[in-house]
Amino acid sequence: MPMIPQDARTDVVRGILARLGKFSGLSAERLRHTEIGADPILDLPIVGDHARRSGISREEAVLPVLRETARQLPPSDRLIADTTLALGLLRELSPDTVDVDQLYAANLGARREYLAQSWDALHAAIGAPTTTAAPTVKRLRTTAERGALTALAGLLTDPVTTPARPSETPRPALPTGRTVTVIGDAVIDHLYRVDTFPGRNAPVDGSFAGQPGGKGLNRAVAAALLGLDVRLIAAVGDDENGAKILGLLDEFGVGRDLVKVVPAAATLVTAVVMNHSGEVRLIACRDARVQLLDEDFDRPDVRAALAGSDVVVLTFEQPAPIIEGVLAFLRDLPERPQVIVCAAPSIAVPQGLYLYLDVVDYLVGSSVELDALLPEVDTDSPADTARRLRGLGVSVVCAVDNFGCTVYSDHDDIVIDHFPRVLKAAVGAAAAFAAALAHRVARSEDSLTAADFRWATAAMIPTQKLGAVSAGFPDVAEVDRIVQLYAPGAGGTRNTGVTPG
């Protein structure tokens, strides 16, 4: 297959999928005994790689690969592909409103009829809005199935997609909760722990450790620990450090199929100097080769992931044109996800972002980071900064400082500053807040309240540990415990709803 053009390979795989979808759908047994020439699918690198890692045959690897890949499709295409091939994605969710026996009936015609009749209910079952009218059985048979299977085949044959290496541990199955896509950096942090920061001609003693980090990676890991389906869009080098990062994502169940591996390049490194109070100084070592490019966001799997997400979390680690392009793409979606933008690290010339701030549902940052978005203005206070940013289009501003948070919105300001502090700062605190906010946004069917922001603020408290950053990220039960321990029935100044515009 490598010598066949991409479009031709996609057509070949799509045609085989369409034939395999007839009758009872896809199965390893059918692949072994079918009269259909399925070799182009069995020979896909992503299938062979999964088979080697899992110690199973290629026939047995096809179904789990198709299931995982189909999850990257937009909701309607995902449902159509799932039903056509009888992949069984909704068996994992077991929603009461769906008759899975009819959805995965032995006859394709019966599956089509149930899909057409239950279009809205099936979208609701996967937590996705219905953006198109229910298709007729004829439309499914003539056009809709072809479109969905073409999109699925495009993901399967995409040469840019980097399958897991045979020597790596297989990534555990992702949870079946709401989906979050994080865009940011994945780097190796060289962590230097010192008693005091070095001064001029005054070296200090310290200890050193190297571990995966980066604002994007940390937010992705923190969100995954809260039970969200998370994928990270980032770039790493094709080296030992890159493999270490991919391994960490596997360990925490973060989808890393959208992480770009740059050949013959070294993974980025950041020097993190931390004192005994948790305060840090950073030195970022950049390499223009190891970053996301405009063309990376033209990939069908990346666009499908963004369009199919409930929440997109974006840091300022990528070049400003990339950030602007992502926000422009999200703005044009018929049903866009909720957007959380983390205003770190500061951008030298942030004015170009002003055109896109109306896409930002939640802008999160320290008071210093938020001020840096208005370099031409001397603001009077954090409230004045938030007011100006909201005037530019941001719906809700969250100023996060010293393990506390102030929320500025159309409603009364919410101040949360009562959780206990044992350190002045913590490397993972901002990531924990953003991940917990994403959790509340993704899970909530209504406006966020002071209780939601209190919960997100509480998620920062366990990060006051001086070990590996990931070791401080809490799960849901730990955040609940912190809230109950320190803030039963207390918290923000108001329990009013906060609705992004």
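I looked up Asp358 and found a salt bridge with Arg331, the closest N and O atoms being 2.4 Å apart. A salt bridge here is a side-chain nitrogen of Lys or Arg within 4 Å of a carboxyl oxygen of Asp or Glu. Asp358 lies in the loop between E10 and strand E11 (362-365) and Arg331 in helix H15, so the pair ties together parts that are 27 residues apart in sequence. Helices (H or I, at least four residues) and strands (E, at least two) are DSSP runs, numbered from the N terminus.

I noted what kind of model this is: it is predicted, local features need pLDDT of at least 70, side-chain atom pairs count only at pLDDT 80 or more, and totals for chains, interfaces and linings use all residues. Residues are numbered from 1 along each chain as its sequence is written, and side-chain values use heavy atoms, with hydrogens and water left out.

**Entry: accessibility of the pair**

I checked both partners. Asp358 counts as partly exposed because its relative accessibility is 38%, and Arg331 counts as partly exposed at 33%. The cut-offs are under 20% relative accessible area for buried, over 50% for exposed, and partly exposed in between (1.4 Å probe, protein chains only).

**Entry: other salt bridges**

I searched the whole structure and got 16 salt bridges. One of them joins the side chains of Asp296 and Lys260 at 2.8 Å, N to O. Asp296 sits in the loop between strand E8 (280-285) and H14, while Lys260 is in strand E6 (residues 260-262), 36 residues apart. Asp296 and Lys260 are both buried.

I also looked at Asp301, which forms a salt bridge with Arg299, the closest N and O atoms being 2.7 Å apart. Both Asp301 and Arg299 are buried.

**Entry: helix H15**

I tested the length of H15 (residues 320-331). At 1.5 Å a residue, its 12 residues should span 16 Å, and its end C-alpha atoms are 17 Å apart, which agrees. The expected span is 1.5 Å times one less than the number of residues. I listed buried residues of H15, among them Ala320, Ile322, Ile323 and Glu324. The buried residues of H15 pack against strand E1 (179-183), helix H14 (300-307), strand E9 (311-315) and strand E10 (338-342); contact means heavy atoms within 4.5 Å.

**Entry: nonpolar cores**

I asked which residues touch the most other members of the largest nonpolar core. Of its 66 residues, they are Leu232, Val254, Ile340, Cys398, Phe433, Leu437 and Phe453. The largest share of this core, 11 residues, comes from helix H18 (residues 429-443). A nonpolar core is a set of buried Ala, Val, Leu, Ile, Met, Phe, Trp, Tyr and Cys residues joined through side-chain atoms within 4.5 Å.

I followed Phe433. Not counting residues up to four places away in sequence, Phe433 touches Val364, Cys398, Val400, Cys405, Phe453, Ala456, Thr457 and Met460. A second, separate core of 44 residues includes Leu314, Ile322, Val339 and Tyr408.

**Entry: cysteines**

I found zero disulfides in the structure, a disulfide being a pair of cysteine sulfur atoms within 2.5 Å. Cys398 is in no disulfide; its nearest cysteine sulfur, that of Cys405, is 4.8 Å away. Cys398 counts as buried at 0% relative accessibility, and Cys405 counts as buried at 2%.
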